[in-house]
Each structure stands twice: as C-alpha cells, then as structure tokens.
Amino acid sequence: MKQTDKNKFQILCVTMNQIDFSKIKDMNINSNIIFANQSNKVGYSELKFKNHIAKMITTNTKGVGINRNIALSYADAEICLFADDDVIYFDNLEDIILKEFADYPSADVIIFHLESNSNERKLAKYSKTRRWKKYEPRPWGAVRIAFRLNAVQKANLWFSPLFGGGCVFPNGEDSMWIDSAFDANLKFYVSNKTIGYVDMSESSWFSGFDYKYFYAKGAFYQASYPRMIKIWMLYFAFRTRKMTMLTFKERLQWLEYGRHGYNSMKSYEEFKYEMK
C-alpha cells in the first residue's frame, strides 16, 4: 500500500475496556482506525487487516472528551471521522466520505447521516449536501462529524475534559467542539449520504429528559453562553415542553441548578447529595 493511500482516511473511535481488536468486525470496519480505549491499564498495540492498520491506545483515563483528544493526537490522515463503538458502518463508508470531500473541496467539516433505532433521539437527515451557516441549528453528535485534519489542527480544536460520558457533566462536549469550530471559521457542510447505523438502545449518559438531563444542560449553557444564559434556559425549557413530564418551573429550576453546578464544579450526583 502506498503511504499516500494509507493516510487518506482514518476513523477515530472511543471505546472502553477492550482487550483485542474484535470491534473491527463488530463495527464492520474497512478503513484505517484508531481506538482510544479507556481501561485500568496503559498500553499500545497495532493490527494490520485487509490492507489497513488499526491502532489501540489504551489509557487509565476517564471521560469521553479526554478519550477523543487522545485519538485526535494520534490522527495522521487527511480526512478523519469521529466514532463511537456502537456504530455499524456500511462497506463503502470510506468511498462515500472521500467522494463528498472531493466534490466539496471548500468543506472543512461534513456532517453525515446515521440510521438510528431510537424514535426519541432520531437523527436529522438532509435532502441534499449543502453549506451550513453559523446561525442554523446544529443537532449533531460527534459520530456524524468527518473533517479535514489540517483544518482542525490549525484551529487548535479539542474536546472539553469536563463534558461528556464519564466527566463531571455528562453531555455537551460535541456541541462545544462544534461551536469552537464555527468560531474558528471552519466551513461546515451537511451531507445527504448515510454511512451506517447507530444503536441508541443504551446510553452512558442519556436516561431521558429528567432532572439530570436539565442539570447538565444548565451547566453546558453556563460554560458556553454565560452572557445569554437566561435566554437560552427559557428557550430550552419551552422547547422541551412535550419531551418530559417535568413542569416548566421544574425544567427552569434544574437548568438553574446546573448553572450553579458548573460554577462550583459539582456533578449532578454531588449536587443532589448536598440537597438532602
């Protein structure tokens, strides 16, 4: 394999407690891949398969943001794709993604579609590939994000170690990364191409639109939009009125709790314990 071909595309996958490379088969991987593996030990290993290379970086760290940063620090391909280990990819994933970047050379980031088994968390699908502007909504998780590595490196973009599964606040790291990318003037496109399937039957952080969810959202808004947090909290409390059994007052209350929780760096569990 030519060196130029080998470094064209790479998947950056976060995972936990892996002892081998069985995720290659589970996820139907047909590309170069880096596994950032959180475990109780530290190690590095490689596997050559189907003319591709898989790398496993195992650390005893905790938090999906830190894990994604580890994968990013090892990335060396022109085009990369963020991944979780519960995604199953189409056979021609690499061809789909590389063709979109070739067809849209001004794109720094392209958002792709994944089929999902969750009606509650169904992923938005777009009718055509087009440029996405900064003022438009961004309902995307990291697993939909493919990007030009040099653009991300030049912008010095990393994930927050405070937000995401295993962190102080269980979600929001994807949105913070996307906000930073827009602030750095990276050009975003949304694609009408589907690249695989994601299983959302289980989640390390999402247990429904409950107290914990609104607490984490309040922390996210305080970290991301402190000057406009009151507006954002009112908007979010209203937008989620049909998604939860919590009253409007309760939604606002737990958003406010999350705001103060961020300022004091207290997790939902710590905050709830102090309330007793």
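How accessible is M265, in relative terms? M265 is partly exposed, at 34% relative accessibility. Keep in mind that this is a predicted model.

M265 sits in the loop that links helix 9 (248-264) to helix 10 (268-275).

N185 is another one to look up. It isn't a glycine, yet N185 has a positive phi of about 70 degrees. You'll find N185 in the loop between helix 6 (173-183) and strand 10 (188-198). N185 counts as exposed because its relative accessible area is 63%, and the cut-off for exposed is over 50%.

## The largest nonpolar core

Now for the inside. The largest nonpolar core has 33 residues, and the members touching the most others are I11, L81, Y89, I97 and I195. Several elements each give at least two residues to this core, among them strand 1 (9-16), strand 5 (79-84), strand 7 (109-116) and strand 10. Helix 4 (93-103) is on that list too, and helix 4 makes the largest share, with 5 residues.

Setting aside neighbours within four places in sequence, I97 is in contact with F9, I79, L81, F112, A146 and I195. Two of these partners, L81 and I195, are themselves listed with I97 among the core members that touch the most others.

## A second core

There's also a second, separate core, made up of 31 residues. L12, F82, A181 and V190 are included in it.

Notes. Residues are numbered from 1 along each chain as its sequence is written. This is a predicted model: local features need pLDDT of at least 70, side-chain atom pairs count only at pLDDT 80 or more; totals for chains, interfaces and linings use all residues. Side-chain values use heavy atoms; hydrogens and water are left out. Helices (H or I, at least four residues) and strands (E, at least two) are DSSP runs, numbered from the N terminus. Buried means under 20% relative accessible area, exposed over 50%, partly exposed in between (1.4 Å probe, protein chains only). A nonpolar core is a set of buried Ala, Val, Leu, Ile, Met, Phe, Trp, Tyr and Cys residues joined through side-chain atoms within 4.5 Å. Contact means heavy atoms within 4.5 Å.
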